[in-house]
Amino acid sequence: MTEDDLSTKPPAPFTIHHIDTVEGRRTWRAMITDAPHVGTLINYIDARQAAPSERALRWYQRELFENRFFRIPSPVTACMIRSGDAITVTERKSVCGHKTVFRFPDAPDLLLCASNLGEGFPLNTILMPSLRCGLNFGTRTWTISPEEAEDAIAIFSAEEWQPVRPATNVAAVCGDPNFAHMLWNQLPALRETAGSSRRTPPPTIVTFFEPLGDIELLVPDIAHWPVERPAHYAMPNAPGRTLFCFGSTQIDPQTRAALQRSAGDAIAADGAGALSARLEGRRPIVWVSVRTRNRTPVNQREFLTGLIARLLATWPNAVVLLDGHSIAEDVRKRGAPLSALPAENDCEDLIAQENAKSLQTAARDAEEVAAILRAVETETPAHAGRVIDASNLSILNSIALAARADFYICHHGSVQHKIGWTTSTPGVTHSNRRVIERRPAHWVMDQAGHDTVPVYFPEDLIMDIVDTAPALQDSVDDNARSLQSENYQFADVTAAIDFTLEELARVHARPPVRQ
């Protein structure tokens with residue numbers, strides 16, 4: 001083999017393995033040859049990330065907000081070194097799965113990665129470009145992939161990124177199209193850093209999505225901070241800049257109170273206030289979710305029409321609110337009518353794609369709510385006036401109405417979080433057996449930061465449906481695929497209604513039967 005052959009030989013594929021695997025231990029041994037203190041680095045990070053204060057804001061994020069850098073022990077010398085500039089990368093053609101990749105001027109062959117919004121972006125992966133390998137030592141979900149690592153290394157290899165340098169400015173990526181992630185993983189952390197950071201000039205916030213409205217209104221302490229709102233979805237990475245993600249893992253009372261104030265102001269100014277007026281003098285007010293996407297019961301309409309009939313007959317003063325997908329505040333502000341939107345798959349820009357997805361989902365849910373209302377009018381016309389269509393509203397209007405409820409019946413996930421994480425209202429939650437068997441009730445309560453445990457339907461009332469989504473992979477219609485994913489049915493609709501009404505009676509007693 002000639003020297004020219006060697007110079008043109010493609011590099012070995014980049015690999016990333018978890019430390020608990022055979023391949024991970026092999027990677028560990030390769031790394032400690034050049035970096036004998038990798039273990040010291042991992043132990044240091046694990047110890048810092050185990051502190052209770054990490055739920056409000058990760059330690060390294062707090063240091064970045066305050067100092068523009070954070071410190072770790074060098075894997076080469078074990079001496080403390082400072083972070084330099086950093087970039088944030090995302091999954092290709094997706095607004096999810098952000099990963100931040102940090103460089104270190106005193107350890108140029110070290111890259112340290114943070115990922116996983118739901119866990120507050122812990123540091124979890126070491127990359128060593130010279131060895132073409134990475135070692136994951138934390139979460140196994142939403143971690144940086146070899147392809148994303150290659151993308152980051154390619155960016156850092158460009159001439160304008162040389163040499164590795166300290167950061168001259170710091171910018172934090174904020175926002176998610178899903179309001180629940182914004183409430184759970186972003187606003188508490190932003191409030192925490194705004195209350196403690198005294199750095200001048202203040203850090204920059206980069207936000208692509210504000211589903212709960214302008215972040216300055218929800219966190220007034222950042223009113224003087226610079227906020228970048230790019231019109232198109234592209235991370236503003238730049239040499240000498242630390243562009244990083246941050247997060248929290250529990251909703252605090254102050255954040256929840258600020259959201260409720262904002263929701264109250266919004267509904268007072270919007271036409272949805274008329275819906276709120278219809279609730280006056282009614283008890284119990286029952287919040288019911290309607291969902292047409294994945295992870296929904298295929299006999300939802302049969303269950304809900306039967307439930308509503310019996311509920312309103314048993315509680316003559318009750319009212320039912322039918323909630324569908326809520327429209328994010330930033331989507332509503334952009335104001336594109338549904339008829340003017342291209343199909344979700346035809347949107348080149350990811351922000352436009354999320355707009356289309358949200359509006360189309362809300363429209364489908366509103367159609368199902370209308371069908372349920374028609375069924376109620378047909379079967380029990382005397383009750384029709386006590387069933388309110390609360391679908392297709394903005395998320396703040398939905399949250400304001402949810403705050404009036406005495407009880408809820410919801411799908412598992414962000415549909416439940418709309419009421420279960422913004423209030424301490426009791427209720428019941430249904431899902432497929434895979435979710436229910438995980439016993440998620442206390443986890444859901446813990447993230448909400450209050451002491452109201454949601455009650456999940458018993459497993460024997462649920463029957464999973466065979467997932468037909470993989471068979472539809474060649475379909476041009478993503479909605480057709482999503483509708484077939486992880487669905488289930490109530491195995492015995494009458495028994496499911498009995499269970500729901502018994503739970504409602506625990507918190508709002510049945511009125512005495514007239515003789």
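Start with a network. Arg 433, Glu 437, Arg 439 and Glu 459 are linked by salt bridges. Keep in mind that this is a predicted model. In the whole count there are 29 salt bridges.

Take Asp 252 and Arg 191. They form a salt bridge, with the closest N and O atoms 2.9 Å apart. This pair links distant parts of the chain: Asp 252 sits in the loop between β12 and α8, Arg 191 in helix α6, and 61 residues separate them. Asp 252 is buried, at 12% relative accessible area. Arg 191 is partly exposed, at 27%.

Next, Arg 241 and Glu 228. Here too the closest N and O atoms are 2.9 Å apart in a salt bridge. Arg 241 belongs to strand β12 and Glu 228 to strand β11, 13 residues apart. Arg 241 counts as buried because its relative accessible area is 10%, under the 20% cut-off. Glu 228 is partly exposed, at 29%.

Arg 310 is in helix α10, Asp 498 in helix α18, and the two are 188 residues apart. Arg 310 is partly exposed, at 34% relative accessibility. Asp 498 is also partly exposed, at 32%.

Now Asp 323. Buried or exposed? Buried, with 1% relative accessibility. This residue lies in strand β14, residues 319-323. Beyond its neighbours within four places in sequence, Asp 323 touches Trp 287, Val 288, Ser 289, Val 290, Ala 390, Ser 398 and Lys 418. Asn 392 is 69 residues away in sequence, yet the C-alpha atoms are 8.1 Å apart.

Cysteines, briefly. The disulfide count is zero. Cys 79 is partly exposed, at 47%. Cys 410 is buried, at 0%.

Step back to the whole chain. It holds 18 helices and 20 strands. The radius of gyration is 25 Å, close to the 24 Å that the globule rule gives for 515 residues, so the chain is as compact as a globular protein of that length. The C-alpha trace spans about 95 × 50 × 45 Å along its principal axes. Of the 515 residues, 55% count as buried. Among contacts between residues at least 6 apart in sequence, 71% join residues at least 24 apart.

Last, confidence. The average pLDDT is 91, and 92% of the residues score at least 70. Over residues 475-482, pLDDT falls below 50; that stretch has 13 contacts in the model beyond near neighbours in sequence. Where pLDDT is low, predicted coordinates should not be read in detail.

Conventions: Residues are numbered from 1 along each chain as its sequence is written. This is a predicted model: local features need pLDDT of at least 70, side-chain atom pairs count only at pLDDT 80 or more; totals for chains, interfaces and linings use all residues. Side-chain values use heavy atoms; hydrogens and water are left out. Helices (H or I, at least four residues) and strands (E, at least two) are DSSP runs, numbered from the N terminus. Buried means under 20% relative accessible area, exposed over 50%, partly exposed in between (1.4 Å probe, protein chains only). Contact means heavy atoms within 4.5 Å. A disulfide is a pair of cysteine sulfur atoms within 2.5 Å. pLDDT is the predictor's confidence in each residue, from 0 to 100. The radius of gyration is taken over C-alpha atoms; the globule rule is 2.2 Å times the number of residues to the power 0.38. A salt bridge is a side-chain nitrogen of Lys or Arg within 4 Å of a carboxyl oxygen of Asp or Glu.
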